[in-house]
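Subject: Structure handover and notes

Dear colleague,

Please find below the structure that I promised to hand over, together with its sequence.

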Amino acid sequence: KEEEKMNLGSINTGLLRFCMQLDDGPSLTSQGSLPERNPEDYEWLRKVLESLKSDYEKMKCCVSSFSAPDASAQDILAALEELRYLVEDLDNANDYAKMGMGELVPLLSYGEGKDVDQTEAADVRSAAHWVISTSAQNNPSSQRLIVEQGVAAIEVERMDKETDERVLAKCVGAVSAIVRDNPPYLLDLSSSPVLDRLFAFVEQSRNTALLTRSVILLRYIAEGLSSPSAPSASSGSSGQEEKRAEGSEKYEGYEGFVERAKRGGLVGSLVGRYAEPLLQEGDLGSVLSLREQILYLLLHFSTDPKVLPLISSSPSFSALPVILRRLTSDPDPDPFVTEVQLLSDLLARADPPSAAPIH
């Protein structure tokens, strides 16, 4: 049909031309009737208006496109990109979550074990994670539905199964968006085996995006579990009560999280990963966001008397005063104001004398 061939550009151009061609002329009150127009113009306008779709209809079209059996990777990517743009609006995100994400979930493992272009397949998986992340971002209603539908649990599983670090970064970002300010779901993660995977990312990954998002997720977990409003083991997320009743899950809370962090060597890894780029010659502005996120997490841990000695006894801790001097003596210190404050606070807590000579 002719209407189906119309694209947004032609519609906008046509509407502009239609409006500009209208002649103000005498007022309708004196004229008593509408100005004469070519009937074909009104028919064109009618077709345009009928072809316009609501955002809800557009989202349904995106789902139909990426779930079609014969959809190519490029078709899927185009549909996911449009869907992600649509769910940036909170109302659309809620509508999409209510619609259900069942068709999206298979894309989280798209192309694995198949004879397809693995670069394109990884792009599809990344885009699918990004849609979920965008839907959940600062949106409690969408977060709740994502958890209730089991999509959050699948995202956590993907953190353990995904092998492409670029995709993993998007996956961890999605879990962070689901977890942030979502207290009940924090309990599910506090005893999850996936924490050990996050600790390994911090220790081993050379992918800056994955490393940064792993630290941010750990920070959200630590801050959420230690807050006064942190949930108790009797207030976990939907669907977990039966597991607790059967004794198949042990919810450790913040104390358990700290113990696992200590056993996993997380604190030492954080100090080392913070110091590593700054002990090398080069641009001080590199990985600045990562460095700040590491310091935020270390500062949080430094409030725990059991963890504080682990910070000051870390092999890389002795380099921190040197790093602070380098940051404060930089010719352009403005970008490092937040980092300098965080690092100064950490040194003051962990080893007060080391911070004293810094000017």
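A residue is called buried under 20% relative accessible area, exposed over 50% and partly exposed in between, with a 1.4 Å probe and protein chains only. Leucine 310 is partly exposed, because its relative accessible area is 32%.

Before going further, please note that this is a predicted model, in which local features need pLDDT of at least 70 and side-chain atom pairs count only at pLDDT 80 or more, whereas totals for chains, interfaces and linings use all residues. Residues are numbered from 1 along each chain as its sequence is written, and side-chain values use heavy atoms, with hydrogens and water left out.

The pLDDT (the predictor's confidence in each residue, from 0 to 100) averages 84 over the chain, and 79% of the residues score at least 70.

The chain has 21 helices and 0 strands, both taken as DSSP runs numbered from the N terminus (H or I of at least four residues for helices, E of at least two for strands). Of its 359 residues, 45% count as buried, and among contacts with a separation of 6 or more, 74% are between residues 24 or more positions apart.

To return to leucine 310, this residue is found in helix α18 (residues 308–312) and touches Lys262 and Val267, not counting residues up to four places away in sequence. Leucine 310 also lies 9.3 Å from alanine 350, C-alpha to C-alpha, although the two are 40 residues apart in sequence.

The axes of α13 (residues 208–226) and α17 (residues 288–302) come within 9 Å and cross at roughly 25°, with axes being lines fitted to C-alpha atoms over the stretch in contact and angles running from 0 to 180 degrees between N-to-C directions. That makes α13 roughly parallel to α17, a label given to angles under 35 degrees. Among the residues that make the contact are Leu211, Val215 and Ala222 of α13 and Leu290, Ile294 and Leu297 of α17.

Lastly, in helix α8 (residues 140–148), Ser142, Gln143, Leu145, Ile146 and Val147 are buried, and just after α8, glycine 150 takes a positive phi of about 85°.

Notes
Parallel < 35°, antiparallel > 145°, perpendicular 65-115°, else oblique. Contact = heavy atoms within 4.5 Å.
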